[in-house]
Every structure is written in structure tokens, then in C-alpha cells.
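Here is a brief report on one protein model. Read it with the structure open beside you.

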Amino acid sequence: VNWEGENGIKEEVEKLFKRRLPREKFTQLEKTSIVEFSDTFFVNAVDMSDFIFPIRTSFKNSYFLEDVSFQGAFFYHMVSFGERVTFAGEAKFIAVNFSDIALFKEAKFYGDALFGLVIFKDRSNFREAIFHTQSNFSECTFDMPCNFFATKFIQEFPEFVNAIFREKITLSIWKEDWPSAKNCQQNPEEAKATCEILREQMEAQGLHEQAHFFFRREMQFASKIGSSIQRLPYKLFGLFSDYGHSIARPLSALAGL
């Protein structure tokens with residue numbers, strides 16, 4: 001979908017504007033203009049569902065005290081939700097179309113962050129963002145590289161069910177950035193599925209150390225699924241070798257044997 005041209009929506013927007021405000025004149029904003037919401041404190045719930053942002057948009061350093069919804073919105077130029085934007089309630093970005101760069105760097109999500117069915121046409125940057133509860137990227141399409149380096153997931157692993165990564169995804173493998181199997185407040189099967197997806201992505205990029213990090217997490221959650229007999233092989237695998245990561249454990253076991 002384009003703003004102008006054969007498949008553009010400019011004419012439709014003008015008609016809708018005229019219907020709503022018949023006495024006002026629709027003014028085409030200059031390309032240098034910006035929709036400016038930086039440093040704004042939103043006290044009440046915000047609903048910008050199906051909004052169209054034809055120019056550059058900024059929410060830098062803004063604070064959303066209640067729930068916010070951008071469901072079905074179109075961002076035709078770069079949008080910034082970065083630089084310490086805070087979402088205190090639920091943040092709903094379901095079925096949003098980002099045609100340009102989408103910045104969520106250092107954003108803080110204290111409520112659920114729902115990004116299902118989002119299309120990222122250009123680069124997306126979630127570097128150093130913090131997700132305190134659920135973060136759902138299921139059915140998302142990343143056409144360009146996406147950056148999740150140093151992003152922290154406090155209670156749950158992100159969900160990437162049926163997500164499409166056409167380019168590389170950048171991740172950190174610092175333990176403090178991911179919930180451990182002990183403190184993860186998530187269904188083990190869901191967490192295991194995410195670790196499996198991320199392991200496959202790292203293997204496809206030739207990042208073997210990162211792939212093994214998510215493999216170990218995958219095995220840890222596998223040891224929590226099924227009957228005690230089904231869990232036993234995974235528990236022994238972890239006990240004697242830290243899922244293939246430890247050298248000291250198997251050597252100590254052989255020495256003991």
C-alpha cells in the first residue's frame with residue numbers, strides 16, 4: 001500500500017477527511033514535517049487504531065500510563081518509539097505496517113507487548129528494550145534485519161510462532177537478558193518453541209555459540225515437559241554435561257566411574 005500512485009490511498013484519505021470536516025481544507029504536509037509526540041505524558045488510555053501516519057513520527061521519551069493501541073496503523077515513514085519510551089500498560093501493535101525504519105531502542109514495556117501480524121518492511125531496532133511480561137511477535141514478517149541486541153526479557157521468552165525472518169536477527173546471549181528455566185513465568189512448551197526457533201535462526205546465520213545457548217535453554221524446558229520418565233533423559237543430559245556445554249562435568253563423571 002502506497003500513499004500516492006496507482007495503489008495510493010491519498011485520495012481516499014482526502015474523501016474521509018472531507019466527510020468528517022467538510023469546512024476544513026486537507027493540507028498536504030511537507031516531507032520535512034514530523035508528527036511530534038516527543039516528551040509527552042499520556043495520562044489516559046490511547047487508541048490510535050487504524051491511524052495513518054504519512055510522514056515521520058516521533059514518540060521519543062514519552063510515557064503511556066494506561067493501555068495503548070496502534071492496531072492496524074500504517075507508518076509510511078520512520079517512526080521512533082525509542083529513547084526511554086515507557087509503556088506502563090498493555091501495548092498493542094497488532095497488524096501494524098511499518099514501511100520505514102521502526103525504532104524501539106531502550107523502550108520499556110511493563111505490560112504485555114503484542115506485535116502479532118506486524119509487517120516490518122525496513123529495519124527494526126529493539127536494542128536495549130526491556131519486556132517485563134509477555135512479548136508476542138507471532139506471525140510477524142521481518143523483511144530487513146532486526147536488532148534485539150541487549151534486549152531484556154524479564155519473565156517470559158518472546159513468542160515468534162510462524163514469524164518470518166528474511167534477513168538476519170541480532171541477539172545477545174547474556175544470561176541476564178533471558179529468563180532462566182527456574183524463574184520463567186511461562187508455559188514450558190511455549191518457551192521451548194521460542195528457543196527452538198531462535199536456535200534455528202542462529203544456526204542459519206552460522207552463529208554456533210549463540211545457537212548452542214538457545215539449544216541449552218531448549219533442553220532445560222524439555223526437562224519440564226511430560227512424565228517423569230520422559231523428563232529423565234533431559235535431566236541426566238543436563239546433570240552430566242550441561243547439555244553439551246561443560247567439559248568439567250563429563251570428565252568428573254568419567255573420573256568417578
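## A pair of strands

In β18, Ile-130 is the bridge partner of Lys-108. The bridge belongs to the parallel pairing of strand β14 (residues 108–109) with strand β18 (residues 130–131), which runs over two bridges. Strands pair here if DSSP finds at least two bridges between them. Strands are DSSP runs of E, at least two residues long, and helices are runs of H or I of at least four residues; both are numbered from the N terminus.

This is a predicted model: local features need pLDDT of at least 70, side-chain atom pairs count only at pLDDT 80 or more, and totals for chains, interfaces and linings use all residues. Residues are numbered from 1 along each chain as its sequence is written, and side-chain values use heavy atoms, leaving out hydrogens and water.

## The sheet

Six strands make up an open sheet with parallel pairing. Their order is β2-β6-β10-β14-β18-β22. In general, strands of a sheet pair through backbone hydrogen bonds, either parallel or antiparallel.

Cys-140 is in none; its nearest cysteine sulfur, that of Cys-146, is 9.8 Å away. Cys-140 is also buried, at 0% relative accessible area. Buried means under 20%, exposed over 50%, and partly exposed in between (1.4 Å probe, protein chains only).

Cys-195 counts as buried, with 0% relative accessibility.

## A nonpolar surface patch

Leu-232, Leu-236, Leu-239 and Phe-240 form a nonpolar patch on the surface. Together they have about 380 Å² of accessible area (Shrake-Rupley method, 1.4 Å probe; for residues, only the protein chains shown count as cover). Patch residues have over 30% relative accessible area and no salt bridge, and nonpolar side chains are joined within 5 Å. A salt bridge is a side-chain nitrogen of Lys or Arg within 4 Å of a carboxyl oxygen of Asp or Glu.

Leu-239 lies in helix α4 (residues 228–241). Leu-239 counts as exposed because its relative accessibility is 54%.

## The whole chain

The protein chain has five helices and 24 strands. Its C-alpha trace spans about 90 × 40 × 30 Å along the principal axes. Of its 257 residues, 42% are buried.

Key
Disulfide = S-S within 2.5 Å. Patch = residues over 30% accessible without salt bridge, like charges linked within 9 Å, V, L, I, M, F, W, Y side chains within 5 Å.
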